[in-house]
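Student: I would like to go through this structure term by term. For each label, please set the value against its definition.

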Amino acid sequence: MTQASHHIGTATGTARTDQLLEMYRRMRRIRRFEERASDLYKATEIPGFLHLSIGQEASAVGACWPLGARDGITSTHRGHGHVLAKGLDSASMMAELMGKDAGTCHGRGGSMHIADPGLGIYGANGIVGAGLPIAAGVATAAKLRAAGDVVVAFFGDGAVAQGMFHEAVNLAAVWDLPVVFLCENNHYSEFSPESEQHRAPLSARAAGYGIEYQHVDGNDVLAVAQTMTGLVARLRAGGGPVLLEAETYRWHGHYEGDPERYRPAEEVAAAKERDPLLIARRQLDAAAADAVDEEIDKEIEAAIDWARSLPEPAPETLHDYVSAPRLPVPEPAPLPADAEIFRSMDAVRLALEHELTADPSVFVAGIDVGAGGNVFGLTRGLAQAFPGRVRDTPISESAIVGTAVGAAMAGMKPVVEIMYMDFIGVCLDMLLNQAAKLRFMTGGRASMPLVVRTQFGAGRSSGSQHSQSLEAILAHIPGLTVVMPSNPADTYGLLRAAIQDPNPVVFVENRLQYGLKGPKPPADHLIPLGKAKVIREGTDITLVSWSRMVQDALAAAELLAGEGISVEVIDLRTIAPLDRETVLASLAKTNRLVIAHEAVRDFGVGAELSAMAVDEGFWHLDAPVTRVAPPSVPAPYAPSLEHVWLPSRDTIADTVRRIAAV
């Protein structure tokens, strides 16, 4: 079913009746889909969790009524009605709920994660409130394209308690984004009544953000459609965000199987007297409405029969859709000895400048990256050179990364900055459950070409909350690429490759290397992602490292060469995906492996390399695999403690000597 935009404000007479009949048809489709999904869940034909929107059909249909194919929506765990109202077909949705390969998301998403960006459906979401920052990203893409597109972000009253709600609405207000934040207030946050969850009404919250607020009867589809038609027209003309509260009620429990001990049956019965379908039917010819009922019943039964006949995904497709295929990038030629010298901080700025110039879909956003030029001066001058495409954000890490997720799905290539790697914890959901998983959960429908730049670095008394090397956390998340360069030329080539890559990349710089000097590569310099590099040949022992610790590894290898120990040094460059082949090939040659890293020793990337060596490389080992890393203690502040905590050239060399002697 293709969704076309409609306008109801000026419709009269027969035209208005025809429009209401079509609205009724769409509500009836949602109602019957949900009723039959409930039946199928009870019959165990639908696995997993199921959250139905019976009783809330009018808000979905009315909100989507004035939207066109290019306009976007984000949805919730209770999102079947939203995506059906936006134009997704019921058959592929039913197949998705049944976990079939022909489902909307090839059986990877299920009930809570249905999406089709091609129809402007940027995802239902199993995380409460997570769709709101993503909607801000879709709206950012719409604003940058200036094509008049708008976004509707559906959320429930329970999501108002989430920090993501605040961050998304505030960012949208600051940036004047064309988004309607539509609260379907069904008066329950899971099992808890609204009165126990909030003290301030949404009208007061909207005033606090400096945006418009409107209220509508969410059970009256005509009222919702009329309100939304006016709001969408205003947003298309350049208006800023709006908070719309549609008051409604869900008939079923929070989930199918919910015993519903938290609300009286009389309350549910009273709510059913305001059935959105009955309200619409009272204004329609009974025979016409009955014909629609019969039509929709046949449609849904046909969808069920079709879905039942289909196979589930084949076991051999388990790895499909995790990441988008990468275009091959050859290893560049060595840089000439007389190359111009530049710094790692120059490499970051030049790489961003190159990609902003080459690709209009690239934009940069983050805290003080625009007018301030970044806390380290890395983006200085870019905001002036690329107006509107280097954007300052509030201090809202979830909104920053969520904006990148939504904008990437909408066809942009965002590069966003999280000021310190330690702050990744503030926005981890947007990396863990959104950026990393959405391509997989949508069966490949969602594209995710985004870069999150961040930095770390111990050694200058920055303390426990500004020094952490957290790559093991990120590398453990399937779908994320994690890059950590060790020198200026690689910083330039890897950052450009990351921006061009079709997958979400976390690009981690070491701030103690911003002043590091090295040969400047040509402007077209690219480094392949996922490929380690042997940067010093050796025969006695393999030494693997990454980021700034590579410089200490090279210094240790140089020191040990004078003692007759030949050390082969490997720079991982990309942490995930891990280049196992290069490490194993070196181990086969040297028969010994030492790993040095700045992250704490326990449960780190070094542990993964060690496990690989004693598994796939076991028969090559002539000595224990050993790690050189800080103990499992937070980074200290006092220089005397930090010096003991952090590995150095000398501690690496001592370990290599010991293993070489085994």
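Student: Which helices and strands each supply at least two residues of the lining of the largest pocket?
Tutor: Helix H17 (471-475), strand S19 (574-576) and helix H21 (605-615) do. H21 gives the most, with three residues. Helices (H or I, at least four residues) and strands (E, at least two) are DSSP runs, numbered from the N terminus. This is a predicted model, in which local features need pLDDT of at least 70 and side-chain atom pairs count only at pLDDT 80 or more, while totals for chains, interfaces and linings use all residues. Residues are numbered from 1 along each chain as its sequence is written, and side-chain values use heavy atoms, with hydrogens and water left out.

Student: What makes a space a pocket or a cavity?
Tutor: The search uses a 1 Å grid over the protein atoms alone. A cavity is a set of points where a 1.4 Å probe fits but cannot get out; a pocket is an open set with protein on both sides within 12 Å along at least five of seven lines. Lining residues have an atom within 4 Å of a point. By that rule 21 residues line the largest pocket, and Ala475, His476, Ile575, Ala576 and Leu578 lie nearest its centre. The space in the largest pocket is about 480 Å³, where a volume is the space filled by probe spheres set on grid points joined across faces, edges and corners.

Student: How many cavities of 30 Å³ or more does a search of the whole structure find?
Tutor: Two. About 60 Å³ of space lies in the largest cavity. Its lining includes Ser344, Pro485, Ser486 and Gln513. Helix H12 (344-358) and strand S14 (505-510) are the elements that give two or more residues to that lining.

Student: Why does Gln513 count as buried?
Tutor: Its relative accessibility is 5%, and buried means under 20% relative accessible area, exposed over 50%, partly exposed in between (1.4 Å probe, protein chains only). Gln513 therefore counts as buried, although its place is in the loop between S14 and strand S15 (517-519).

Student: What does Gln513 touch, not counting residues up to four places away in sequence?
Tutor: Contact means heavy atoms within 4.5 Å. Gln513 touches Ser344, Pro485, Ser486, Ser547, Arg548 and Gln551. A polar atom of its side chain lies 2.8 Å from the backbone oxygen of Ser486.

Student: Why is Arg573 called buried, and what is its phi?
Tutor: Its relative accessible area is 0%, so Arg573 is buried. Arg573 lies in the loop between strand S18 (567-571) and S19. Its phi is positive, about 65°, although Arg573 is not a glycine. Most residues other than glycine have a negative phi, and most peptide bonds are trans. The peptide bond from Ala576 to Pro577 is cis, with omega near 0°. Pro577 is in the loop between S19 and helix H20 (580-590).

Student: Why does Asp368 count as partly exposed?
Tutor: The relative accessibility of Asp368 is 44%, so it counts as partly exposed. Asp368 is in the loop between strand S9 (362-366) and helix H13 (382-385), and its phi is near 60°, a positive value in a residue other than glycine. Leaving aside neighbours within four places in sequence, Asp368 is in contact with Gly373, Asn374 and Asp392.

Student: How do you know that the span of helix H19 agrees with what it should be?
Tutor: The expected span is 1.5 Å times one less than the number of residues. H19 (residues 549-561) has 13 residues and should therefore span 18 Å; its end C-alpha atoms are 18 Å apart, which agrees.

Student: Why are the buried residues of H19 said to line one face of the helix?
Tutor: Seen down the axis of H19, they fall within an arc of 155°, so they line one face; the arc is that of the directions from the helix axis to the C-beta atoms. Among these buried residues are Met549, Val550, Asp552 and Leu560. An α-helix has 3.6 residues a turn, so residues three or four places apart point the same way.

Student: What are the buried residues of H21?
Tutor: They are Val605, Gly606, Leu609, Ser610, Met612 and Ala613. Down the axis of H21 they fall within an arc of 160°, so they too line one face of the helix. Their packing partners include H17, S19 and H20.

Conventions:
Polar contact = N/O pair within 3.5 Å; in protein donor to acceptor, adjacent residues only side chain to side chain.
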